[in-house]
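Try each task before reading its solution.

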Amino acid sequence: LNEHISEYFTSEQIASLYDLLHRCLQSNEHYKVRIQALKCVAALAPKLSTEEELQKFTQFVPLMMETITYCINNNLHDEAIAGLGTFDDLLETAVPILQTYVPSLVKFVLDIGRTKELDLDLRVEALTFVQWVVQFKAKSLAFTDMIEPILSVTFPMATEEDDASTDVWEVTANKFAGQVIEYLGRYLPSEQIFPPAMKYVDEYSKSSNPFVRRAAITGLMVLSSGCCDIMAENLDTLVPYLFSGLNDPHTAVREVSLIAVAQFLENLEPEIFKYSDQFFPILFHTLSSPNPEMQERACYALVSFLQGTESDVSPFLD
């Protein structure tokens, strides 16, 4: 009824519906009552039109967070994921409702995202809200204070080791964390995101843990798409991270470093081409790797370099 005929509700009926939903979101009788109330609230949001309706609706946001927390604490992860998805819908259709709550909502989803013990699907759904905020609403919100808290979750998440059985196309903690960092680089001013992100890159690159070093290169790689101007101006300090990664003793670090070289070539041309003679020996040597994926990535990087530079590669062919 809410979905199809809510436009015909009288103000008295809407007030009664609000009261019912408010009580159901706090129900202790059965979790399904709270879940259905959560879904109803999400369906109601696009129908709101007056300032009074919007103001009344704000009372549901804390209760929605409580309901999702209840689901997580009771291992109802599918229900929690569905509940988190309602915030994405609300952000798209009714930002005035969430504007006051965005800081607390970002903290809420970050707390979920940083919890390794939770299913990755749940953590990804939580951090998807951050992507939505960054992409669609960051300009209209005071977002600067949220950058460091987001980086403090996404960079450590990027250090998590992949499961041995993970398919190459599956979402991993490292890949998704990289996506969130990439969104920050794409949709926020470079001067706000690049300096604090580079603190993590520099610190992680010195770690004795190869998956932490991989996260450093991942961060550098994804930032290149959105922070291209500032990175192109600072290549002398950034390229050494790639050289170090390409020569890393651990395969995972070398693999992501090859991808990072390709991203630099795509996003930081023509400035990156002046380093071609330094990259060539490493890339040609990688062609002899027994790992076909690394060979393929090295070939791609070499082709990109050769298309953009007139350097003589004959010395490397012997």
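**Exercise 1. Aromatic contacts**

This is a predicted model. Find the aromatic cluster that contains Y204, then classify the pair F155 and Y200.

Solution. 
- Start with the members: F155, Y200 and Y204 form one aromatic cluster.
- Take the F155 and Y200 rings: their centres are 4.9 Å apart and their planes are at 10°, so this pair is stacked.
- Place the residues: F155 is in helix α10 (residues 147–158) and Y200 is in helix α12 (residues 190–205), so the pair ties together parts 45 residues apart in sequence.
- Check burial: F155 is buried at 0% relative accessibility. Y200 is buried too, at 12%.

**Exercise 2. A second ring pair**

Which geometry do the rings of F87 and F129 adopt, stacked or edge-to-face?

Solution. 
- The structure holds seven aromatic pairs.
- For F87 and F129, the centres lie 6.2 Å apart and the planes are at 65°, so the pair is edge-to-face.
- F87 belongs to helix α6 (residues 77–93) and F129 to helix α9 (residues 120–137), so parts 42 residues apart in sequence are tied together.
- F87 is buried at 1% relative accessibility, and F129 is buried at 2%.

**Exercise 3. Cysteines**

How many disulfides does the model hold?

Solution. 
- The cut-off is 2.5 Å between cysteine sulfur atoms.
- For C24, the nearest cysteine sulfur is that of C40, 8.6 Å away, and C24 is in no disulfide.
- For C227, the nearest cysteine sulfur is that of C228, 7.9 Å away, and C227 is in no disulfide.
- The count is zero disulfides.

Terms used. Residues are numbered from 1 along each chain as its sequence is written. This is a predicted model: local features need pLDDT of at least 70, side-chain atom pairs count only at pLDDT 80 or more; totals for chains, interfaces and linings use all residues. Side-chain values use heavy atoms; hydrogens and water are left out. Rings of Phe, Tyr and Trp (its six-membered ring) pair if their centres lie within 6.5 Å; planes under 30 degrees apart count as stacked, over 60 as edge-to-face and the rest as tilted. Helices (H or I, at least four residues) and strands (E, at least two) are DSSP runs, numbered from the N terminus. Buried means under 20% relative accessible area, exposed over 50%, partly exposed in between (1.4 Å probe, protein chains only).
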